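Visitor: Hi! Could you walk me through this protein?
Guide: Happy to, let's look at it together.

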Amino acid sequence: MPAADPSGRARLGYLVGDGIEYGARLGFAFAQPVTISASYVAGLLPARATRARVFRARLKQDGSLIRLPDLVLPPHLKVCALALHGPYLYVGGAFAWPRRSAVRAGATGGRLDLREEQPRWEPLVLPGPCEPGKAIDDVLVDDQNLVLVDNIVFPKYLFVYPWPSDGGLPADPQVVELPFSRVYEHIVKGQMSAGYVALLSTSVGEGGVGVYISVLRRGDWAPVVVLAFEQSRTEIWDQELAGESPSLDERPFDLALQDHQLVLACGGALLYVDLRAFPAPPASLPGAEAECPEVDLRNRTPFPGGHWQTLAPHEQPGRIRFVATGRLLLASSGDGAGTPGRAWLHHV
């Protein structure tokens, strides 16, 4: 969670009863990619020269922190996401080699063994060619799978790896093609529960802008629902000419998923969605696209399974995350210019 000062740094937090207590300060910014488990915490540090660095520490049972040597990643690796599974730190991103280099840039994923003093980089084998412009935008893990989320260049995919029984490097992923929403669509964040995967994406083009939350059912990876907030260029220009605040201020900007409960953080409100309200689509013919309901988030109209909760001006978060069963952490980071970071809980 963010430190309660303007620094923008991250700090450990502990759930105590219905409240939060602050723990050790961490050496990285709260806004950077971060991951935490029962045993470790890791966060992205500022790069030195061409090499990204990762803060790492071991968490003891009493909540104390044991700092370990920083991880130095391969040169020209741009880190987009971090995730912990057991003693391994999984990294997603892209290699951004200089243009003069003979090595082609493109998506990459790999892992490091945090038990080692200076772990070696173990690259994951990604399906298909390594294309310029591609990246792994998020890394999702649970006891069932490692899931890498492919990014902007269409077509986009989920790479779903089973966990090897011997603890070896995951291999031979299932490739799941993601539904198309709009051109120049960029996946911002993914979330995974036992039954679902939810992806938050944005799109900017000549026709306008859009924010999309695409939900897929795990197992057969069928689309469940797409929640969309779209606005045309003409609408934006008309609002600006009239001196009005663009309605894009109300767009979704973060999501959290636990079991069947999806929560979206929007400007001025939280949207709670019970995914059980969207039944599984009937089996489609081979080669045919499955029917998928779409929900328009403009004007915040009611819909089955959805519930809007208006937030007071002082309750506006910058990020949300489930931290325990039915407990949603809302947080806003310090801005480095006098506004302190803060965090608080909502019961779902």
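**A buried pair and its surroundings**

Guide: Asp-142 and Arg-218 are both buried, where buried means under 20% relative accessible area, exposed over 50% and partly exposed in between (1.4 Å probe, protein chains only). This is a predicted model: local features need pLDDT of at least 70, side-chain atom pairs count only at pLDDT 80 or more, and totals for chains, interfaces and linings use all residues. Residues are numbered from 1 along each chain as its sequence is written, and side-chain values use heavy atoms, with hydrogens and water left out.

Visitor: What does Asp-142 form with Arg-218?
Guide: A salt bridge, with the closest N and O atoms 2.4 Å apart. The term means a side-chain nitrogen of Lys or Arg within 4 Å of a carboxyl oxygen of Asp or Glu.

Visitor: How many salt bridges are there in the whole structure?
Guide: A search finds eleven. Another one joins Arg-115 and Asp-113 (2.9 Å, N to O).

Visitor: Is Arg-115 buried or exposed?
Guide: Arg-115 counts as exposed, at 55% relative accessibility, while Asp-113 counts as buried, at 9%.

Visitor: Switching to strands: why is E11 largely enclosed?
Guide: Five of the six residues of E11 (residues 136-141) are buried, so the rest of the structure largely encloses this strand. Strands (E, at least two residues) are DSSP runs, numbered from the N terminus.

Visitor: Which strand do five bridges join to E11?
Guide: E12 (residues 145-150), and the two run antiparallel. Strands pair if DSSP finds at least two bridges between them. E11 and E12 form a hairpin, with three residues between them.

How values were computed:
Helices (H or I, at least four residues) and strands (E, at least two) are DSSP runs, numbered from the N terminus.
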